[in-house]
Each structure stands twice: as structure tokens, then as C-alpha cells.
Amino acid sequence: GNMNTILISVLVVAGCGLIIGLILSLAGKKLAVETDEREAMIREALPGNNCGGCGFPGCDGAAAAVASGKAPLTVCPVGGAPVAKKIGEIMGQEVEETERMTAYVRCQGTCQTAKKQYDYTGVESCAMANLLPGGGPKACSYGCLGFGDCVKACQFQALSLLERAARVDREACKACGACVKACPRGLIELVPYEKKEYHAACSTKDRGKAVMEVCGSGCIGCRKCEKNCPSGAITVQGGAAHINYELCTSCGTCAEQCPRGCIVKW
């Protein structure tokens, strides 16, 4: 009686479990998402900084994007050409040559050249100081605030402060763009690393007299650089000189002509 009932119950439960297990196993195989082995290999080839310079959520996101064809082989600015070559081998594709880039700070407003409008004793943060009346302690409302938000954002120790002005070590720079995002005034841009020696080092939007009142090395928009550049590579836009690196031949004429020393050989 009771033993038979218990035995039957056990067998029924065991049978149900077996059937459910088989169903789940078949469903798992049927519904399984195929994983691309190339994705894991690409992830292994990436440097693992997870800096976001590629525009994807870390190296995992970058690897998935390349494997699915949503990102180029040159996705990683930190790894550069060597990593791109490895990814190309994994994907069975040829890698197009890309120009190495480096960050550049378009401001020379050091303690020596940029005038100060008041003493600041608040939080050592460019983002915070930029919100203050007058845009921070320096008299130029377009220049480097000098509290090092870009320095803190860089994983590669490529930025430093020199007399309250940010400077880039282009040998250490990986062009990840973290400093570009960190600067509340948009003073940092990525420029060609090789063969482009001259850079416009001012971002003011003020005119001549106003610039001279606040900074000893600011662009006054005199256009001497623009008028004398033999390749038409430099123009004054919105108050300050800008260089078109595709046209620039690094002849140095603009630097020679600039009366303010704000076209810099780097």
C-alpha cells in the first residue's frame, strides 16, 4: 500500500525531472547565442585600459563592436598601429594606415603671462572654478584655469601643470581623448604627432586690446600669420589663429610673423 504509493511518487517526480531536464537542454541548444571567438581574441589583443577613447564602453565593448563590423580595426587609439595590426590578423583584413595623434593645449596662460583677477581658495577643480563669477581667478575667460582636471583624467601621466598651465608630453600621450573631455573650456585638441611642428597656442575669442589687457601671450587677431602663410594653412577665426594641418607644411613662417609668440614650435 503505502510503500507502493511512495515508490510511484518518487518515480513520477524523477521522471518529470528527467523530462524537464531534457526539454531545457534542447531549448538551451536551440536558443543559444553563438559567441564569436574573434571577439575574445580581439579583447585579448586590446591593452585593457578601458579608457573609453574608442567611443565604446571599455575594451569589451570595443571588441564586440569590431567583431560585429560596427567599428574599424583601428578602434583603439591607445594600442595604435601594433594593436590594429593584430586585430587585422584576427579579422583577416588589411589595416589602413592611420596618422598618430597627440593632445595639444591651446593656451600659454601661465602665471607669468596671464593676469589674475582675484585670489582663489576654493576646490582645486577647473570645472568648479569655471562656474565662478568671471570664470575663475585668471583674467582671461578663455584660457587654461590651471587646476589640472585634464591631468587627473589622464591614465598615462602625459599631462602636467607648468605654472598653472596644462602641458602635454606627446611621447607619453596615447590620444585617448580623456583630457579633451575633461577640459571645461575645450582648450585641448588632438593634433598630428609627426611632421606638424607648429601649433596655434591660444583659444581667445576676444579682440586685440581686450586680449592684451589680460594675457601677455594671447592672440590679438592681427592676421600677420594668415597673410604670410605660403600654403594658406592658417586663418584667424573668432579672434584666434587656427591651423589646417592638412595644408600646413611646417615651414615656420607663421611663428616668425607672430608678434605675440602664440604660434609655437612643439
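**Pockets, a cavity and a helix pair**

The largest pocket is lined by 18 residues, with C76, P77, G80, A81 and R100 nearest its centre. A pocket here is an open set of points on a 1 Å grid over the protein atoms alone, with protein on both sides within 12 Å along at least five of seven lines, and lining residues have an atom within 4 Å of a point. This is a predicted model, where local features need pLDDT of at least 70, side-chain atom pairs count only at pLDDT 80 or more, and totals for chains, interfaces and linings use all residues. Residues are numbered from 1 along each chain as its sequence is written, and side-chain values use heavy atoms, leaving out hydrogens and water.

**Largest pocket**
- About 420 Å³ of space lies in the largest pocket, a volume being the space filled by probe spheres set on the points, which are joined across faces, edges and corners.
- Helix α4 gives the most to this lining, with 4 residues.

**Largest cavity**
- The structure holds 6 cavities of 30 Å³ or more; a cavity is a set of points where a 1.4 Å probe fits but cannot get out.
- The largest cavity has about 130 Å³ of space.
- Its lining counts 20 residues, and C107, C140, G143, C202 and C215 lie nearest the centre.

**Helices α2 and α4**
- The axes of α2 (residues 37–45) and α4 (residues 80–91) come within 10 Å and cross at roughly 165°. Helices are DSSP runs (H or I, at least four residues), numbered from the N terminus; axes are lines fitted to C-alpha atoms over the stretch in contact, with angles from 0 to 180 degrees between N-to-C directions.

Conventions: Helix = DSSP H or I, 4+ residues; strand = E, 2+ residues; numbered from the N terminus.
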